[in-house]
Amino acid sequence: MAKEVKKDPQDMSVEEKLKALYQLQTMLSEIDKIKTLRGELPLEVQDLEDEVAGLTTRIEKINREIADLKGDVAKKKNEITDAKASVDKYKDQLDNVRNNREYDVLSKEIEFQTLEIELCEKRIKEYNAAAAAKADEIAKSEALLDERRKDLDVKKSELDEIVAETKQEEEKLREKAKAVEATIEPRLLQAFKRIRKNSRNGLGIVYVQRDACGGCFNKIPPQRQLDIRMRKKIIVCEYCGRIMIDPELAGVEK
Ligand SMILES: [Zn+2]
């Protein structure tokens, strides 16, 4: 077969072109069958990988937020230390006041710093509560991540197994399909691929079955059937647009 297809696509007869297209379709359909065998697995693996990545990013983000909150707590603790030092200093000074005015100023300062300390303590409580809530969120996310990772492992090994089983076959088919594609003129190949893509069963070229199109099963007028049998023109179904050939050319016994 390989020897006789080494021909300039332009020099191919219509019959040869149709034969090549039908051969190509047989290979592409085989590849489709392999893909069907893999089914939704590649998509499921992709979804799980996305989810694992998403959860990992989320956990990292929450961890950074917790670190920020811890930094805020440390800052407030420093402020408390400073405020307490000020209170101690003012209390010492209270022992040596010379007049009421000085006493009032110092008392006000002490009151203010004490309020500051209370406010800082309140903030620390809030920050710690927020950090605890975030830690909770991380624990939940990590549990979910663990689950998804396990799912991913299972699906991935399922997919790997199927791919390993069918890889060689698929590669061989792809190579063969490529070789046949190279013999078909680009415009015809494009048209064929477009028809194939638009058809639900992936058939772009069909053979006549009981005087009807093998794709949509609409009846073909006798003259067109004759034209198809002549193999001199590329004839498409007027209903579904598929290329039609006679059963003998498709290698189907009549
Ligand atoms: Zn049709």
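**Close-up views of the predicted model**

**View 1. The lining of the largest cavity.** Lys 219, Ile 220, Pro 221, Arg 224, Cys 237, Glu 238, Tyr 239 and Met 244 line the largest cavity (on a 1 Å grid over the protein atoms alone, a cavity is a set of points where a 1.4 Å probe fits but cannot get out, and lining residues have an atom within 4 Å of a point). This is a predicted model, in which local features need pLDDT of at least 70 and side-chain atom pairs count only at pLDDT 80 or more, while totals for chains, interfaces and linings use all residues. Residues are numbered from 1 along each chain as its sequence is written, and side-chain values use heavy atoms, with hydrogens and water left out. The space in this largest cavity is about 30 Å³, a volume being the space filled by probe spheres set on the points.

**View 2. The largest nonpolar core.** Here 27 residues come together, and Ile 66, Ile 80, Ile 110, Ile 117, Ile 138, Leu 145 and Leu 152 have the most contacts inside the core. Such a core is a set of buried Ala, Val, Leu, Ile, Met, Phe, Trp, Tyr and Cys residues joined through side-chain atoms within 4.5 Å, with buried meaning under 20% relative accessible area (1.4 Å probe, protein chains only). Helices α3 (41-94) and α4 (100-183) each supply at least two of its residues (helices are DSSP runs, H or I, of at least four residues, numbered from the N terminus). The most come from α3, with 15 residues.

**View 3. Around Ile 80.** Leaving aside residues up to four places away in sequence, Ile 80 touches Ile 117, Cys 120, Glu 121 and Ile 124 (contact: heavy atoms within 4.5 Å).

How values were computed
1 Å grid on protein atoms, 1.4 Å probe; cavity = no way out; pocket = protein on both sides within 12 Å on 5 of 7 lines; lining within 4 Å. Buried < 20%, exposed > 50% of the residue type's maximum accessible area, 1.4 Å probe, protein only.
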